Amino acid sequence: MKTIALVAHDGKKAELLEWVRAHADFFQDKQLVATGTTGRLLNEALNKDVMCLASGPLGGDQQIGALIAEQKIDWLVFFWDPLSSQPHDPDVKALIRLAVVWNIPVACNKATADFIVTSSLTGQNYQRTVPDFSQHNNRLA
């Protein structure tokens with residue numbers, strides 16, 4: 001079962017909820033993880049259990065980042081608001097950085113999320129390449 005992390009800034013929560021409702025069938029056999037309020041709203045929108053972490057500014061973004069680093073997240077959807085200042089912008093950057101480091105699909109807007117949901121790879125048992133960081137981890141040995 002694939003695990004998808006869903007995050008949205010306040011100015012993008014309505015857009016994420018609309019997008020999730022439009023793809024409700026897609027999410028039925030997925031495990032969902034979300035930050036704070038987003039998780040509660042997703043639970044109500046999908047009538048499905050969502051693992052709710054802390055609010056993003058209170059550490060939820062970092063909790064999702066940790067799950068990515070532990071190989072427990074397969075895909076990140078983060079509808080972030082590029083036009084409003086966020087007090088936790090460094091956390092947002094770190095979360096997206098971890099998704100890239102660990103080579104998981106990342107959608108930061110509806111268009112990209114639509115491409116991923118409708119990709120023929122999504123319906124297959126696609127196995128992403130997990131980077132080998134052993135050389136980095138042993139660089140001082």
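Which residues in H1 meet Thr-37, Thr-38, Leu-41, Leu-42, Ala-45 and Leu-46 in H3? They are Lys-13, Leu-16, Leu-17, Val-20 and Arg-21, where contact means heavy atoms within 4.5 Å. The model is a predicted one, in which local features need pLDDT of at least 70 and side-chain atom pairs count only at pLDDT 80 or more, while totals for chains, interfaces and linings use all residues. Residues are numbered from 1 along each chain as its sequence is written, and side-chain values use heavy atoms, with hydrogens and water left out. Helices (H or I, at least four residues) and strands (E, at least two) are DSSP runs numbered from the N terminus.

Two packed helices are described by the angle between their axes and the distance between the axes. For H1 and helix H3 (residues 36–46), the angle is about 35° and the axes are 10 Å apart. Axes here are lines fitted to C-alpha atoms, for helices over the stretch in contact, and angles run from 0 to 180 degrees between N-to-C directions. The crossing of H1 and H3 is right-handed, a term used if the near helix is turned clockwise from the far one by less than a right angle, with anticlockwise giving a left-handed crossing. Arg-21, a residue of helix H1, is partly exposed at a relative accessible area of 48%. Buried means under 20% relative accessible area, exposed over 50%, and partly exposed in between (1.4 Å probe, protein chains only). Between Arg-21 and Asp-81 there are 60 residues in sequence and 20 Å in space, C-alpha to C-alpha.

The strands form an open sheet of five, in the order E3-E2-E1-E4-E5, with parallel pairing. Strand E3 (50–52) and E5 are the edge strands, each pairing on one side only. Two strands are taken to pair if DSSP finds at least two bridges between them. Strands of a sheet pair through backbone hydrogen bonds, either parallel or antiparallel. Strand E1 (residues 3–8) runs parallel to E4 and is joined to E4 by five bridges. In this pairing, Ala-5 stands opposite Leu-76, and Ala-8 stands opposite Phe-79. Four bridges link E1 to strand E2 (residues 31–34), also in the parallel sense. Here Thr-3 faces Gln-31, and Leu-6 has Ala-34 as its bridge partner. E2 is in turn joined to E3 by three bridges in a parallel arrangement, with Ala-34 opposite Cys-52.

Six of the six residues of E1 are buried, so the strand is largely enclosed by the rest of the structure. In a regular strand the side chains alternate between the two faces of the sheet. In E1, Thr-3, Ala-5 and Val-7 are buried on one side, and Ile-4, Leu-6 and Ala-8 are buried on the other. Thr-3, in strand E1, counts as buried because its relative accessibility is 6%. The side chain of Thr-3 makes a polar contact with that of Gln-31 at 3.3 Å. A polar contact is a pair of N or O atoms within 3.5 Å; within protein, one must be able to donate a hydrogen and the other to accept it, and residues adjacent in sequence count only if both atoms are side-chain atoms. Leaving aside residues up to four places away in sequence, Thr-3 touches Gln-31, Val-33, Lys-72, Ile-73, Asp-74 and Trp-75.

Helix H6 (residues 110–118) has Ala-113, Ile-116 and Val-117 buried. These residues lie on the same side of H6 because they cover an arc of only 95° around the axis, the arc being that of the directions from the helix axis to the C-beta atoms. Phe-115 and Thr-118, on the other side of H6, are exposed. The cover over the buried residues of H6 includes helix H1 (13–22), helix H2 (24–27), strand E4 (75–79), strand E5 (106–107) and helix H7 (120–123). At the N-terminal end, H6 is capped by Asn-109, a side-chain oxygen of which lies 3.4 Å from the backbone nitrogen of Ala-111.

Positive phi values in residues other than glycine occur at Asn-47, near 50°, and at Asn-103, near 60°. Asn-47 belongs to the loop between H3 and E3 and counts as exposed at 71% relative accessibility. Asn-103 is in the loop between helix H5 (89–101) and E5, and counts as partly exposed at 36% relative accessibility.
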